[in-house]
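I opened a new notebook page for this chain. I wanted the overall fold first, then a handful of single residues.

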Amino acid sequence: MSVELNHTIVHCRDNRESADFLAHILDLPTGTEWGPFIPVVLANGVTLDFATVPAGSITVQHYAFLISEAEFDAAFERITAQGITYYADPHQKHPGEINHNDGGRGVYFPDPSGHGMELITRPYGGWS
């Protein structure tokens, strides 16, 4: 059997707010609440299970999503329409810009709990 990531838990201030936020940006459905989790299932079957925890216990994480050019256009339109601050880089030195690394496009933006979200159209370093 090959090894695959099945799911990960994303700690957040409000599981519904964070799950709905990401699902909206990526044009995905928000799953049905299961115990303390609200899932967002990605195309490759990986589930992000959003769980509400006290704000002081959240360690900011980074989540990168590989999407098509058309999906990037649509997601970027939703980001700008909502007035979400975005950056071309993870260190937030290039606000209001996207990057063109490895011949693709990429953008970084925070989710409601401060996690660093990234959308890219090409894997970095030429990996596929």
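**Entry 1: the fold**

I noted at the start that this is a predicted model. I counted the secondary structure of the protein chain and got 2 helices and 6 strands. Read along the sequence, these elements come in the order β-α-β-β-β-α-β-β. Along its principal axes, I found that the C-alpha trace spans about 40 × 40 × 25 Å.

**Entry 2: burial, contacts, surface and charge**

I looked up how many of the 128 residues are buried, and the share is 40%. Residues 24 or more positions apart account for 53% of them. The accessible surface of the protein chain comes to about 7400 Å². Carbon and sulfur atoms hold 54% of that surface. For charge, I listed 6 positive and 16 negative side chains. The centres of these two sets lie 4 Å apart.

**Entry 3: histidine 115**

I went to the loop between β5 (106-110) and β6 (116-120), where histidine 115 is found. Is histidine 115 buried or exposed? Its relative accessibility is 1%, and the cut-off for buried is under 20%, so histidine 115 counts as buried.

Which backbone atoms lie by polar atoms of its side chain? I found the backbone oxygen of histidine 11 at 2.6 Å from a polar atom of the histidine 115 side chain. I also found the backbone nitrogen of glutamine 61, at 3.0 Å from a polar atom of that side chain.

**Entry 4: aspartate 14**

I moved to the loop between β1 (7-12) and α1 (15-26), which holds aspartate 14. With 33% relative accessibility, aspartate 14 counts as partly exposed. A polar atom of its side chain lies 2.8 Å from the backbone nitrogen of glutamate 17. I also took a distance to leucine 48, which is 34 residues from aspartate 14 along the chain. Their C-alpha atoms are separated by 14 Å.

**Entry 5: positive phi values**

I looked for positive phi in residues other than glycine and wrote down glutamine 92, with phi near 60°. Glutamine 92 has its place in the loop between α2 (69-81) and β5. Its relative accessible area is 48%, which makes glutamine 92 partly exposed.

I noted aspartate 102 as well, which is not a glycine but has a positive phi of about 55°. Where does aspartate 102 lie? I placed it in the loop between α2 and β5. Aspartate 102 is partly exposed, at 41% relative accessibility.

**Entry 6: glutamate 4**

My last stop was the segment before β1, where glutamate 4 lies. The cut-off for exposed is over 50%, and glutamate 4 has a relative accessible area of 64%, so I logged it as exposed. I then compared its place with that of glycine 114, which is 110 residues away along the chain. The C-alpha atoms of glutamate 4 and glycine 114 are separated by 27 Å.

Note on methods:
Residues are numbered from 1 along each chain as its sequence is written. This is a predicted model: local features need pLDDT of at least 70, side-chain atom pairs count only at pLDDT 80 or more; totals for chains, interfaces and linings use all residues. Side-chain values use heavy atoms; hydrogens and water are left out. Helices (H or I, at least four residues) and strands (E, at least two) are DSSP runs, numbered from the N terminus. Buried means under 20% relative accessible area, exposed over 50%, partly exposed in between (1.4 Å probe, protein chains only). Contact means heavy atoms within 4.5 Å. Accessible areas come from the Shrake-Rupley method with a 1.4 Å probe; for residues, only the protein chains shown count as cover. Lys and Arg count as positive and Asp and Glu as negative; His and the chain ends are not counted. The place of a charge is taken as NZ of Lys, CZ of Arg, CG of Asp or CD of Glu. A polar contact is a pair of N or O atoms within 3.5 Å; within protein, one must be able to donate a hydrogen and the other to accept it, and residues adjacent in sequence count only if both atoms are side-chain atoms.
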